Amino acid sequence: MDVLRPQIITLDGRNYRKNPIQEKNYHQEEDEGFYQDSMEYSDEPCDAYEVEQTPQGFRATVSAPSLLYKSFSALFLRHIVGKRGDTKKKIEMETKTSINIPKPGQEGEIVITGQHRNGVISARTRIDVLLDTFRRKQPFTHFLSFFLNEVEVQERFLKFQEEVLEKCSMDRGVDSSIFQNPKKLHLTIGMLVLLSEQEIQQTCEILQRCKEEFINDITGGKPLEVEMEGIEYMNDDPGMVDVLYAKVHMKDGSNRLQELVDRMLERFQALGLIVKDWTSVKLHATVMNTLLRKDPSAEGRYNLYTPDGKYIFKERESFDGRNILKTFENFYFGSLKLNSIHISQRFTVDSFGNYASCGQVDFS
């Protein structure tokens, strides 16, 4: 990590700096390491939190999706409470507070009480950071997207597949298994971790606010007319391609689509719902993906972690894309009107064969 450009984490609209951790010469247990890594943040009082004054002092609560208590309760509590309760005790001791955490399988909020307001806020900040660190280890559940499943585009995509297999099937790694399902063609704006119906509903509300604040101005209340034309690859070696995608651009030559998705990314990053280092969305529609070779349900290399935070390595067998890129450089996939942004749920299928949508905003 660059000392002058540390990682920034956003909690409740407030930014915290994650500082580099100095190497220790002694052995550090896994949970202690998790705590230390998560707690290297600015710990100054934050006025964004609601703190209730009581006859006994001050009180604050922390809500977490029930999924964190149910499906991941043991691991969640190990990281928040720590082995033998060390993490919880350390926070309580350093902030002079008392922290009550629901038992595994129970619903409820984390309750923090203390004699001093700043101490309660400090404990709340630390727990929020731990929760955010744990959340980042969870597999993505949803993504913001545009559907690209109009009939013309699907038919042209199938034509592309047919011609590629006819002209390039002798090239290393090229076969029918690595082509996208035409009914699931889409543009991804950003990946999300939504662990409850309440979080899905909150995301729907954020989408609606985006519509009111800037989407209507950008679209003029009308669908965006775009074309899918040309192909490009993700990595830097055309002879070792893992992902091939179709490019999308506005028919009128304007930058409105890019402006819209960048504004969306900015808004969701500011709220801590999308965690990425880039500031602009690279619009692309995946048409070939080598992850599909062994797993037809694969959806891209998106935070592949087990619930205990271990990275899952998915072996790929790349393909030689040089002939495809040369032959189909300007392949025309069709035109379509983008009229909705969807909250798509991963690993689902709706009645049309696309991803199930948990919510959407329409432009017109």
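1. Start at Cys210. Leaving aside neighbours within four places in sequence, Cys210 is in contact (heavy atoms within 4.5 Å) with Ile215, Met264, Arg267 and Phe268. Cys210 is found in helix H7, residues 197-219; helices here are DSSP runs of H or I with at least four residues, strands are E runs of at least two, and both are numbered from the N terminus. At 0% relative accessibility, Cys210 counts as buried, a word that stands for under 20% relative accessible area, with exposed meaning over 50% and partly exposed in between (1.4 Å probe, protein chains only). Arg263 is 53 residues from Cys210 in sequence, but 8.7 Å from it in space, C-alpha to C-alpha.

2. A word on what you're looking at. This is a predicted model, where local features need pLDDT of at least 70 and side-chain atom pairs count only at pLDDT 80 or more, while totals for chains, interfaces and linings use all residues. Residues are numbered from 1 along each chain as its sequence is written, and side-chain values use heavy atoms, with hydrogens and water left out.

3. Now the aromatics. A search of the whole structure turns up 8 aromatic pairs: rings of Phe, Tyr and Trp (its six-membered ring) pair if their centres lie within 6.5 Å, and planes under 30 degrees apart count as stacked, over 60 as edge-to-face and the rest as tilted. One of them is the tilted pair of Phe160 and Phe333, at 5.2 Å centre to centre with 55° between the planes. This pair links distant parts of the chain, with Phe160 in helix H6 (residues 151-168) and Phe333 in strand S12 (residues 332-338), 173 residues apart. Phe160 is buried at 0% relative accessibility, and Phe333 is buried with a relative accessible area of 0%.

4. Next, an open sheet. Its 4 strands come in the order S3-S4-S6-S5, with antiparallel pairing (two strands pair if DSSP finds at least two bridges between them). Strand S3 (52-54) and strand S5 (97-100) are the edge strands, each pairing on one side only. From one strand to the next, the twist averages 25°. S3 and strand S4 (residues 57-62) are joined over 3 bridges in the antiparallel sense, and Thr54 stands opposite Gly57 in S4. Helix H5 (residues 117-136) lies across S4, S5 and strand S6 (110-114), at about 15° to S4; axes are lines fitted to C-alpha atoms, for helices over the stretch in contact, and angles run from 0 to 180 degrees between N-to-C directions.

5. Which residues of helix H4 (residues 86-95) are buried? Thr87, Ile91, Glu92 and Thr95 are. They cover an arc of only 130° around the axis, so they sit on the same side of H4; the arc is that of the directions from the helix axis to the C-beta atoms. Exposed Lys89 and Met93 are on the face of H4 turned away from its buried side. Just after H4, Lys96 takes a positive phi of about 55°.

6. Last, strand S8 (residues 186-192) is mostly covered, with 7 of its 7 residues buried. Strand S7 (residues 142-147) runs antiparallel to S8, joined by 6 bridges. Ser145 has Thr188 in S8 as its bridge partner.
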